[in-house]
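Here is a short report on one structure.

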Amino acid sequence: MYTYYISVGSNLGKREGYIQTALDTLQTVDGVMSVISSTLLETEPWGNTDQGVFLNGVFRCESTIEPIDMLHLLQGLEQAANRDRKVHWGPRTLDLDIILVFDESGALLQVNTPELIVPHPYFWERNFVLEPLAELWPEFSYQGQSIRQRAQELQEA
Ligand SMILES: Nc1ncnc2c1ncn2[C@@H]1O[C@H](COP(=O)(O)OP(=O)(O)OP(=O)(O)O)[C@@H](O)[C@H]1O
Ligand SMILES: Nc1nc2c(c(=O)[nH]1)N=C(CO)CN2
């Protein structure tokens, strides 16, 4: 059994609908025991600022699905939302990124393959991930820093 923290975002079309559909579909998948979502929040675009405001959140998912298979499952949900990938970090109907994965002993998984890097390489730089993650897991800390401190630090940067 794994515990996944998955970042969800959308800034094109019926944003909340795409996110809700992804959540509803994920809950029906064999091997997915539970999915809960943080509240969704409006966030200014990060990285590529020349695009619309995002709706972002984080799902916590308990699942027996292996990380690479979870990635492919999430990519299928993105395709179901007619996601196109023309512009890197550009507008998208639905984005689902695996942020963190813990195994049943509670150990943080490190994955480094051409297709999948976990922890997600940018998660600790992105308040649109850290704020909803902190809602689900306020005591989380990473590399010796609490998530609250990190979110504050990014806010002030
Ligand atoms: N932890 C991860 N979660 C999701 N995709 C990942 C992860 N690690 C590597 N990838 C790879 O990233 C590729 C590009 O994904 P995508 O186009 O969604 O990037 P993005 O979400 O726009 O940018 P970013 O990854 O910086 O958030 C995917 O094809 C996937 O193989
Ligand atoms: N606010 C916000 N900005 C972004 C987002 C996102 O989900 N939310 N996703 C990106 C590429 O993954 C790049 N920039």
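The side chains of Arg92 and Asp95 form a salt bridge, with N and O 3.1 Å apart. A salt bridge here is a side-chain nitrogen of Lys or Arg within 4 Å of a carboxyl oxygen of Asp or Glu. Arg92 counts as buried, at 8% relative accessibility. Buried means under 20% relative accessible area, partly exposed is in between, and exposed is over 50% (1.4 Å probe, protein chains only).

This is a predicted model, in which local features need pLDDT of at least 70, side-chain atom pairs count only at pLDDT 80 or more, and totals for chains, interfaces and linings use all residues. Residues are numbered from 1 along each chain as its sequence is written, chains are lettered from A and ligands numbered from 1 in the order in which they are written, and side-chain values use heavy atoms, leaving out hydrogens and water.

Asp95 lies in strand E5 (residues 95–102), and Arg83 in the loop between helix H2 (67–80) and E5, so the pair ties together parts twelve residues apart in sequence. Helices (H or I, at least four residues) and strands (E, at least two) are DSSP runs, numbered from the N terminus. Asp95 is buried, at 14% relative accessible area. Arg83 is buried too, at 15%. Salt bridges with shared partners join Glu78, Arg83, Arg92 and Asp95 into one network. Arg83 forms a salt bridge with Glu78, and both of these residues are buried. The N to O distances are listed here.

| Salt bridge | Closest N to O |
|---|---|
| Arg83 and Glu78 | 3.2 Å |

The whole structure has six salt bridges.

**Two packed helices**

Two packed helices are described by the angle between their axes and the distance between the axes. For helix H1 (residues 15–28) and H2, the angle is about 135° and the axes are 10 Å apart. Axes are lines fitted to C-alpha atoms, for helices over the stretch in contact, and angles run from 0 to 180 degrees between N-to-C directions. H1 and H2 are therefore oblique to each other. Oblique covers what is left after under 35 degrees (roughly parallel), over 145 (roughly antiparallel) and 65 to 115 (roughly perpendicular).

Which residues make the contact? Ala22, Thr25 and Leu26 of H1 meet Met70, Leu73, Leu74 and Leu77 of H2. Contact means heavy atoms within 4.5 Å.
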